[in-house]
Amino acid sequence: MGNKLSGKDLIKLGFPKNNSINIALGQINRYRKREKKESILTEAKDVLLNPEKYEGNGTWGKVAEGLIKPVQVRMHQLKNTRAPFKIFGENEIDEQAKFQLYDSLKLPVSVAGALMPDAHSGYGLPIGGVLATDNAVIPYGVGVDIGCRMSLSIFDLPASHFKGREHQLEAILKDNTKFGMYETHASRVDHEVFYKSEFKDIPLLKNLLPKAYKQLGTSGGGNHFVEFGIAKIDNPENDWKLEKGEYFAVLSHSGSRGLGANIAKHYTYLATKQCPLPKNVQHLAWLDLNTHDGQEYWLAMNLAGEYAKACHDDIHRRIAKAIGKRVVVTIENHHNFAWKEMVNGQECIVHRKGATPAGEGQLGIIPGSMTAPGFIVKGKGNTESLNSASHGAGRLFSRAKCKSSFTQSQINKELKIHDVALIGGNIDEAPMAYKDITKVMANQTDLVEVLGTFTPKIVRMDR
């Protein structure tokens, strides 16, 4: 008896000669290959005899599903008609982004859609795309950076706190933030998110736990940032304990780091295998929420969202400690995520890829660029936008186009005009790469009410 488990071993046990054998071998080779063959065979026998007992189990759940009710893999065709949709700020949006939305609206699972005024083309769903589906989740409709979010902390400090402290504040940002693939904090902290059962129950997540622990409190590359700025509050909420006025604040933008990227990659692959679609829309492959993989992705996605929040909380905790002051108000929201929400009286999965939740009374922050103000907003609960708003100004130039269109000296000139200090950053994040945020906001007055603004002053990004 060799040490490596084979299909023949499983057939001997009585497994049917179908895909459940391949699934079992795949799961064992991926997650259990260091264990003794005998103990795995004993477990496999029990799965065969009592598959119901193993539904939802990390290693055996998918095998049990294959024995009880196998997932039907069949080619799906797009419908000829689109699900209902609404586009906000249509004249400012490129055609490619609209076509991507139109394709997604023809999926057999689509119920409704919307495009936000900052939209531009992406992979799968366009950035700024919102799509409601029936009991199906599209990993690429959520995106690679699951739970990417904004978090704004306002201190009870006047805007004048900047005067004469610029160098000190730059040093605080340099010392307390980490960016990109490899930078991590020397002093690690624990967090309750690491004790969630998903990290134990889902083998993929178990393997990602050490990386997640190492990357807590760090930010990604690209357009992710941590910045000090001035929060101008025009309409304070009653529970803010802040008067109208200008305050010292910190804003961060980042997501779920390596954890989210690996979850996205793994379940996108599974979705494309289980849900074949015409080539031009293969990125929109979905997982049925009644399947093992659909349920597992849902749990993993929600965990990645909680981890993204934990990262922001840690960044803001470190900065508040360095400043020596307490945060008075925090405003935060995800924008690459899926939620269970009611749409036209039906429970749907609402994907917001680069769109902010804007349900009635829901607070949010919509940034401009490093030289343009962001807006502190309250959602109006507009059903036509599926309770959503833009997540920023949106790109005017792609990253590649930025490199051929702008120079560092142009960027420096722009920063100087707006009195902004930049640590790190590169040409693809040039302020000129973004749409005019005031135009974007003018196109979503039906979606959000503006409570105030945030103007960046010291910006830290990846190099």
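Which residue in strand 7 is the bridge partner of Ser153? Look for Val250, which pairs up with Ser153. Keep in mind through these close-ups that this is a predicted model.

**View 1. Strand 7 pairs with strand 5.** Here we have strand 5, residues 149–158, next to strand 7, residues 245–254. The two pair in the antiparallel sense, with seven bridges between them. To get your bearings, find Ser153 and its bridge partner Val250 in strand 7.

**View 2. Strand 7 pairs with strand 6.** Strand 7 has another partner to meet: strand 6, residues 225–233. These two run antiparallel as well, and nine bridges join them. A handy spot to start is Val226, which stands opposite Ser252 in strand 7.

View 3. Is strand 7 mostly enclosed or open? Eight of its 10 residues are buried, so the rest of the structure largely encloses strand 7.

**View 4. Helix 7 crosses helix 11.** Now for a pair of helices: helix 7 covers residues 166–176 and helix 11 covers residues 292–323. Their axes come within 10 Å and cross at roughly 140°. Helix 7 and helix 11 are therefore oblique to each other, and their crossing is right-handed.

**View 5. Where helix 7 and helix 11 touch.** On the helix 7 side, pick out Ile172, Leu173 and Asn176. They meet Arg318, Ile319, Ala322 and Ile323 in helix 11. Sort the residues of this contact by type and you get five nonpolar, one polar and one charged.

Definitions and conventions: Residues numbered from 1 in each chain as written. Predicted model: local features only at pLDDT ≥ 70, side-chain atom pairs only at ≥ 80, totals over all residues. Heavy atoms only, no water. Axes fitted to C-alpha atoms, helices over the stretch in contact; angles between N-to-C directions. Helix = DSSP H or I, 4+ residues; strand = E, 2+ residues; numbered from the N terminus. Parallel < 35°, antiparallel > 145°, perpendicular 65-115°, else oblique. Left-handed = near helix turned anticlockwise from the far one by under 90°. Contact = heavy atoms within 4.5 Å. Nonpolar A, V, L, I, M, F, W, Y, C, P; charged D, E, K, R; others polar. Buried < 20%, exposed > 50% of the residue type's maximum accessible area, 1.4 Å probe, protein only. Pairing = 2+ DSSP bridges.
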